[in-house]
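Biologist: Before I use these labels, I would like to hear what each of them rests on. Please take them one at a time.

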Amino acid sequence: MSTVSATSAIHFWAAVEDCLVTFHAMQRTDAAEKVTSLWHNLPFALEDANRDYGDMIYHAEPWQIACNLAGSDLDVGEHQAEYQALLLRNGLSAP
């Protein structure tokens, strides 16, 4: 079983926050609050679940996590180039 490094996790959550701001027109402070709340509550959500799946959220796309937090399922295809640039800025994609 591999675990996600702290650095990778930071980049992942920064990308989720940027998605909320960029694609869901959320204020940066509101986006940061939503991301921080989810991030802090994950261990409690997994308390009764199998902890071996704790890193599973990092296999999801930041796009999808942001859509879930915003309550709006946007089509990534319509924003693909901008989303890829966002991932690159956050160190989650190779140039």
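Modeller: A salt bridge here is a side-chain nitrogen of Lys or Arg within 4 Å of a carboxyl oxygen of Asp or Glu. Bear in mind that this is a predicted model. By that cut-off the structure holds two salt bridges.

Biologist: What makes Glu17 and Arg28 a salt bridge?

Modeller: The closest N and O atoms of Glu17 and Arg28 are 3.1 Å apart, and the cut-off is 4 Å, so the pair qualifies. Glu17 belongs to helix α1 and Arg28 to helix α2, so the bridge ties together parts that are 11 residues apart in sequence.

Biologist: Which residue does Arg28 pair with at 2.7 Å?

Modeller: Asp18 is that partner of Arg28, with 2.7 Å between the closest N and O atoms. This pair also links distant parts of the chain, with Arg28 in helix α2 and Asp18 in helix α1, 10 residues apart. Glu17, Asp18 and Arg28 are therefore linked in a network of salt bridges.

Biologist: What does Asp18 touch, leaving out residues up to four places away in sequence?

Modeller: Asp18 touches Phe23, Arg28, Leu86 and Asn90.

Biologist: How many disulfides does the structure hold?

Modeller: The structure holds zero disulfides.

Biologist: Why are Cys19 and Cys67 called buried?

Modeller: Cys19 has 1% relative accessibility and Cys67 has 2%. Buried means under 20%, so both values meet the definition.

Biologist: Which residues is Cys19 in contact with, leaving aside its neighbours within four places in sequence?

Modeller: Cys19 is in contact with His24, Pro62, Trp63, Ala66, Tyr83 and Leu86.

Biologist: Which members of the largest nonpolar core touch the most other members?

Modeller: Trp13, Val16, Cys19 and Leu20 do, in a core of 20 residues. Helices α1, α2 (28-45), α3 (62-70) and α4 (80-89) each supply at least two residues of this core. The largest share, eight residues, comes from α1.

Biologist: Where is Trp13 found, and what makes Trp13 buried?

Modeller: Trp13 is found in helix α1, residues 6-23. Its relative accessibility is 7%, so Trp13 counts as buried under the 20% limit. Trp13 and Trp39 are 26 residues apart in sequence, and their C-alpha atoms are 8.0 Å apart in space.

Biologist: Why is the pair of Phe12 and Trp13 called edge-to-face?

Modeller: Two rings pair if their centres lie within 6.5 Å, and planes over 60 degrees apart count as edge-to-face. The count by this rule comes to three aromatic pairs. For Phe12 and Trp13 the centres are 5.1 Å apart and the planes stand at 90 degrees, so the pair is edge-to-face. Phe12 itself counts as buried, at 4% relative accessibility.

Biologist: Which residues do ring pairs link into a cluster?

Modeller: Phe23, Trp63 and Tyr83 are linked in that way.

Biologist: Which residues of α4 are buried, and how do you know that they are on the same side of α4?

Modeller: Tyr83, Leu86 and Leu87 are buried in α4. They cover an arc of only 100 degrees around the axis, and this puts them on the same side of α4. The face turned away from the buried side of α4 carries the exposed residues Ala81 and Arg89.

Notes:
Residues are numbered from 1 along each chain as its sequence is written. This is a predicted model: local features need pLDDT of at least 70, side-chain atom pairs count only at pLDDT 80 or more; totals for chains, interfaces and linings use all residues. Side-chain values use heavy atoms; hydrogens and water are left out. A disulfide is a pair of cysteine sulfur atoms within 2.5 Å. Buried means under 20% relative accessible area, exposed over 50%, partly exposed in between (1.4 Å probe, protein chains only). Helices (H or I, at least four residues) and strands (E, at least two) are DSSP runs, numbered from the N terminus. A nonpolar core is a set of buried Ala, Val, Leu, Ile, Met, Phe, Trp, Tyr and Cys residues joined through side-chain atoms within 4.5 Å. Contact means heavy atoms within 4.5 Å. The arc is that of the directions from the helix axis to the C-beta atoms. Rings of Phe, Tyr and Trp (its six-membered ring) pair if their centres lie within 6.5 Å; planes under 30 degrees apart count as stacked, over 60 as edge-to-face and the rest as tilted.
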